[in-house]
Amino acid sequence: MIDETHDAKRQSWVASANGHPEFPLQNLPLGVFSPPGRSVPNAQPRGGIAIGDMILDLRLALELGCFEGAAATAAEAASGHTLNDFIALGSGARRALRQQACALLSSDGESKAKPLADKLLHRASDCWLHVPTKIENFTDFFAGINHATNGGRRRDPANPLTPNYKYVPVAYHSRASSVRESHATVQRPQGQRKLPDEAAPTFGPCRKLDYELELAVWVGPGNRQGTPIPIERAADHIVGLGLVNDWSARDIQQWESAPLGPFLGKSFGSTVSPWIITIEALAPFRVAQPERPAGDPKPLPHLWNDADQQSGAFDIALEALILTRQMRERNLPPHRVSRSNTTDLYWTLAQLVAHHTSNGCNLVAGDLFGSGTISGPTEAGWGSLSEQSLDGTRSFTLSSGETRTFLEDGDEVIFRAHGRREGYATIGFGECRARVRG
Ligand code: MN
């Protein structure tokens, strides 16, 4: 699992990569970008690898003979406007591409890419980054137990979790068509809402617009319908991770959700970060799944695997920040609302895959899972504003002196994530970032 591509001492001839807080040589995440039109004859979206402040153009690298064998097959599959074909190839092709991309971008030895750097590298800040796959299906889980508990406490303080929570990785089918890339603005939705103290519902702009800090799980190759993925093999269907903001209209959601769950309170939009941080890049940050508290049931056998329990969780630090219009005008940095960690998930990602397919449902290459909101155990880690504001009943103060309960028009929500471990290069996910438009 850990190999020479993780060696913290390795440097890149791409100078900005060395010590880069997000994309050093050891990361090599994949995404889809449009290069700046002037520098490339055909500026269609294509796959790329982030390296420092630059993006390696996989289509041009392939055309100029930088890849061979399985890595060339993988680069070809990643050269189009989505990464679905690349994901469908599976883990062997992905690993081959990582190995050769690492060699091409490393300063050890000869690199076929270095003399072609002017052609192959684009400045990332000049490019537009797209949603990396054509998402056919988006499933949003509820695996952040602190968030589930905080939400449930408002309904029933004595029994915040529903009886199924510790047996079933709870989820709902969310909307794939409205998942957008970072920096695409999010329109405040209109909808039908009725607050508990109102006699009748009304229709109008959402009054409780919220975000949810979630891990994005990119899935593939997937399974045939009727053939579940057993827990032992579930990890092979996780391509990599990112960040997703599951924007939530709480007033619409609270009125519509009984008895079938979230619908228009969620489907107006979701934002994903552009880079797929591959499961190979994340190997140094694997940890044991935290032991369940005494008295919690052991998962049923189809969701239990010793190896998965030993190394199927990840230690990834998460942050949620807000940048208001006033902060932008006054040149202030964003306000950090919360910090949490992916170890706050009650289920491993392999358990989500095994559960999702246990009835025979087929997952498709390029599908997206949201983990559920990842909140830490205390207020400083609460990953949504419904938690921070106790469903709008108390306001909190930002570093600019402004106050908030829920999001206002012009607010920008920024998520960040980093893997850090002694002896290894720190890697980042790149931001998941979007602004609310009224
Ligand atoms: Mn969610």
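## The metal site

Four residues coordinate the manganese ion, at 2.1 to 2.2 Å: Asp140 (OD), Glu212 (OE), Glu214 (OE) and Asp246 (OD). Keep in mind that this is a predicted model. Written as a sequence pattern, the donor residues of the manganese ion are spaced D-x71-E-x1-E-x31-D. The pair Glu214 and Asp246 links distant parts of the chain, since the two sit 32 residues apart. Glu214 belongs to strand β13 (residues 213-219), while Asp246 is in the loop between β14 (238-245) and β15 (248-249).

Are these two buried or exposed? Anything under 20% relative accessible area counts as buried. Glu214 comes out at 0% relative accessibility, so it is buried. Asp246 is buried too, with a relative accessible area of 0%.

## The largest pocket

Now for the largest pocket, which has a volume of about 920 Å³. Its lining takes in 34 residues, and the ones nearest its centre are Phe142, Gly151, Arg155, Gln253 and Ser257. Several elements give two or more residues to that lining: β6 (138-141), α6 (145-155), β7 (171-174), α8 (250-256) and α12 (385-388). Which of them gives the most? That's α6, with seven residues.

Here's how the lining of the largest pocket divides up by residue class:

| Class in the lining | Number of residues |
|---|---|
| Nonpolar | twelve residues |
| Polar | 13 residues |

## A five-stranded sheet

Over to the strands. Five of them form an open sheet with antiparallel pairing, in the order β4-β3-β2-β1-β5. At the edges stand β4 (121-123) and β5 (128-129); each has a single partner strand, so one side of each is left without a neighbour in the sheet. As background, strands of a sheet pair through backbone hydrogen bonds, either parallel or antiparallel.

Zoom in on one pairing: strand β2 (residues 46-51) and strand β3 (residues 54-57) run antiparallel and are joined by four bridges.

## An enclosed helix

One last stop is helix α11 (residues 349-357). Why call helix α11 largely enclosed by the rest of the structure? Because eight of its nine residues are buried. The buried residues of α11 are Leu349, Ala350, Gln351, Leu352, Val353, Ala354, His356 and Thr357.

Definitions and conventions. Residues are numbered from 1 along each chain as its sequence is written. This is a predicted model: local features need pLDDT of at least 70, side-chain atom pairs count only at pLDDT 80 or more; totals for chains, interfaces and linings use all residues. Side-chain values use heavy atoms; hydrogens and water are left out. Donors are N, O and S atoms within 2.8 Å of the metal (3.2 Å for Na, K and Ca); water is not among the atoms, so sites may look incomplete. Buried means under 20% relative accessible area, exposed over 50%, partly exposed in between (1.4 Å probe, protein chains only). On a 1 Å grid over the protein atoms alone, a cavity is a set of points where a 1.4 Å probe fits but cannot get out, and a pocket is an open set with protein on both sides within 12 Å along at least five of seven lines; lining residues have an atom within 4 Å of a point. Grid points are joined across faces, edges and corners, and a volume is the space filled by probe spheres set on the points. Ala, Val, Leu, Ile, Met, Phe, Trp, Tyr, Cys and Pro count as nonpolar, Asp, Glu, Lys and Arg as charged, and the others, Gly among them, as polar. Two strands pair if DSSP finds at least two bridges between them.
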